[in-house]
Structures are given as C-alpha cells and as structure tokens.
Amino acid sequence: YTILSRVHSDRNVYPSAGVLFVHVLEREYFKGEFPPYPKPGEISNDPITFNTNLMGYPDRPGWLRYIQRTPYSDGVLYGSPTVENVGKPTIIEITAYNRRTFETARHNLIINIMSAEDFPLPYQAEFFIRNMNVEEMLASEVLGDFLGAVKNVWQPERLNAINITSALDRGGRVPLPINDMKEGVYVMVGADVPFSSCLREVENPQNQLRCSQEMEPVITCDKKFRTQFHIDWCKISLVDNTKQVSTFQEVIRGEGILPDGGEYKPPSDTLKSRDYYSDFLITLAVPSAIALVLFLILAYIMCCRREGVEKRNMQTPDIQLVHHSAIQKSTKELRDMSKNREIAWPLSTLPVFHPVTGEIVPPLHTDSYDNTSMPLMQTQQ
C-alpha cells in the first residue's frame, strides 16, 4: 500500500489517492553526475542537498512534503495525494546541489495520481509514536513493522497507511539533545472493519481519568507495540466516517438578476460652493467668547473685590496692631544701626594693653580729636 521508488531522470510514478506516497532521493545516484574528487580512487562523500518544487511554481503542492535531515543523508518526498488531483499529472522539479563544487543537477518527477477503489476507508486511527522521527518512520522496514503490529491488533481485511506527519508540523517543540530524544511522529492508518476492543480501551472512563492526570492509560495490546514503538495512547484519534452526518446544505440559486433600483445618477462634475461661516462660529468664535467671559469674571473677583488695608486694620485688635508696629520699628532701627557700622568705636571698647607684649597701646585718635562729643553708647531715637 505504500509506494516506494528510487530517483531517476524524468521518472513516472503512479500513487493512489488517499494512500501514503514515499519517494526517496538517493545521494548515490546524483554523485555520478558531479565531477569526482581531484585524487583518483578517493571515495567521494560530497554534501548534497535537494530542492523540490512544482514546475512553474516556487513550492510543492499542498499535500506533498519534503525532508532531509543533513546534507549527508537522503532526501524524502512524502504525502497523501488528494482526490481532487486524480487524473492530473504533477511534475516536480528536483534540483540537487553539490555543496563542495557548487554544481547542480536537475531531474523531473512526474506524479500520476490514480483513484483507489476502496478509498476512503471508513475507519481511520491516528497514532502518536514518541520514539521516532519522521524520516525514520518513512523507511519501508519500520513502516512495515508498524503496520504489521496494527494489523495484529485490529485484524482488518484491508489496511492502508494514509498519512505521516511530524509532531513539529502539529505545533510540537524541538526536543532537547538529551538521551537521543525524538520529535515524535503521527501515523494515520485506515481499515475496512470497526475498531477492535483494544483500541476502544482508551475511551473508557478509567483511562480518560488517567490521561487527564497525565498518567499512562492501561492498554492490553500495548505490549505488542512496546518492543519497537512507544505509543502515546492518550493522543490516539479514532474516526468513524460511517457515523458522520453530512452537513451539506443545498444552495438555492436565484435568477442572477439584481432588483431594479432605478436609473443610475452619477454625481455632478461641478461642486457647489460651501459656506464655512457657521463652522467658524462653532469652532472658534463661541469658545473664544466663553473664555473671554470667564476671564473677565475672574479678573473682577481677584482685583475689584479686595477688602483693602483700612478694612483689615478696622477688624484687627489694637494690641495686635501695637505689637506689629513695635516689630516694624525695631526692625527699622536694627537696619539703621547696621548702616552706621563705619563710625569710630567708643573709647571704652578699645584695647589699652597689647595682648602679646603687654605694652601700652596709644590711642587710635590724635589729641586734637574731640572724643568727648562721641557718646559711649548710641541713644535710641
């Protein structure tokens, strides 16, 4: 049921709609189209990468994916063709790049999608395998072992691998490089018989409770997968297409004629003049007038309604006025005395003996200076 093919120049392949398609791009084939190493007899191991796109377009069809982990590994094209593309040949351009010599080689892959008589299979189950990467799962041996284990559990007459999707394409996170952790892969298979009791065990309340508590459910047939595949049974999806109710609604088409709305009248080419006087009054004149009135009211309150000094003195007690007047007079007298500091000091305040030698200090004034006219202390005015 899985179509595996080797790469060749202008190769024609015939996958079936709804069945997994895998096409391997082998590096060994393209090595012959690039020049050998300078030294004869040396084994060539050039890094080769591939670019795949639909002819005439920059990318591949929506159903077709491509993966190549490193330049030293083979590339893989895989996907599940759709029924809409049946009978339409799809030409994929494959370009190989030699990362050592920067040379290229191009081949065409012609995909002719065929219709499958037994598609779609009504019962589909999707498994999440935690210990596999997508390129590992695409290998024919590994995928065959998995389908064999599913067949032993399910016991169908027809079993198809429908699609394979990496967990990273479903919003998964890149795993840490610890203990060779894998990113995980989703594998969808389809069969023609109802689901077995083993697959239905994940739907019982006990296992649903364990899944809600992030615990592994108890599945009796898990040991048939555990030797090679670690399946997350909490993420299994079982789809029964026989019970799905069609939601298609018949579209009632009309006559395709719009109702008559009268004759179309385009706007006039000449624009009428517009009076902006009312707009001016509303936006500028009215707010300015209101602001002016408020300013006049405030000016009247602040300037014309003052009580004055006389009214204040009349309402103030006399003793408080006397104290205030005395403070003002004392302040004025101290200011006047500070202005007269340049007047000669009285004799009573002058030193008589030298503070170091003890000699008699002569007076600072001459004998003709009349010191009797200077009082010892300034009298208050």
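**Exercise 1.** Among contacts in the protein chain between residues at least 6 apart in sequence, what percentage joins residues at least 24 apart?

*Solution.* The structure is a predicted model. Of the contacts counted, 65% join residues at least 24 apart in sequence. Of its 381 residues, 30% are buried.

**Exercise 2.** Identify the largest nonpolar core and state where it lies.

*Solution.* Step one is to list its members: the core has 40 residues, and Phe127, Met137, Phe146, Trp154, Val189 and Trp233 have the most contacts inside it. Step two is to trace the elements that supply it: at least two residues each come from several of them, including strand E6 (75–79), strand E9 (123–129) and helix H3 (140–154). Helix H3 gives the most, with 8 residues. Step three is to locate the core: because domain 1 (3–111) and domain 2 (121–238) both contribute residues, the core lies between them.

**Exercise 3.** Which residues is Phe146 in contact with, leaving aside its neighbours within four places in sequence?

*Solution.* The partners of Phe146 are Phe127, Ile129, Met137, Val187, Val189, Phe225, Phe229 and Ile231. A second, separate core has 19 residues, among them Ala17, Trp63, Leu109 and Ile111.

**Exercise 4.** Describe the segment that the UniProt record annotates as a "transmembrane region".

*Solution.* According to the unreviewed UniProt entry, this annotation covers residues 280–303. In the model, residues 280–303 are 100% helix and 0% strand. The end C-alpha atoms of this stretch are 33 Å apart.

Notes: Residues are numbered from 1 along each chain as its sequence is written. This is a predicted model: local features need pLDDT of at least 70, side-chain atom pairs count only at pLDDT 80 or more; totals for chains, interfaces and linings use all residues. Side-chain values use heavy atoms; hydrogens and water are left out. A nonpolar core is a set of buried Ala, Val, Leu, Ile, Met, Phe, Trp, Tyr and Cys residues joined through side-chain atoms within 4.5 Å. Buried means under 20% relative accessible area, exposed over 50%, partly exposed in between (1.4 Å probe, protein chains only). Helices (H or I, at least four residues) and strands (E, at least two) are DSSP runs, numbered from the N terminus. Domain bounds come from an automatic or database domain assignment. Contact means heavy atoms within 4.5 Å. UniProt positions are given in the numbering used here, feature names are shortened, and annotations may be inferred rather than shown by experiment.
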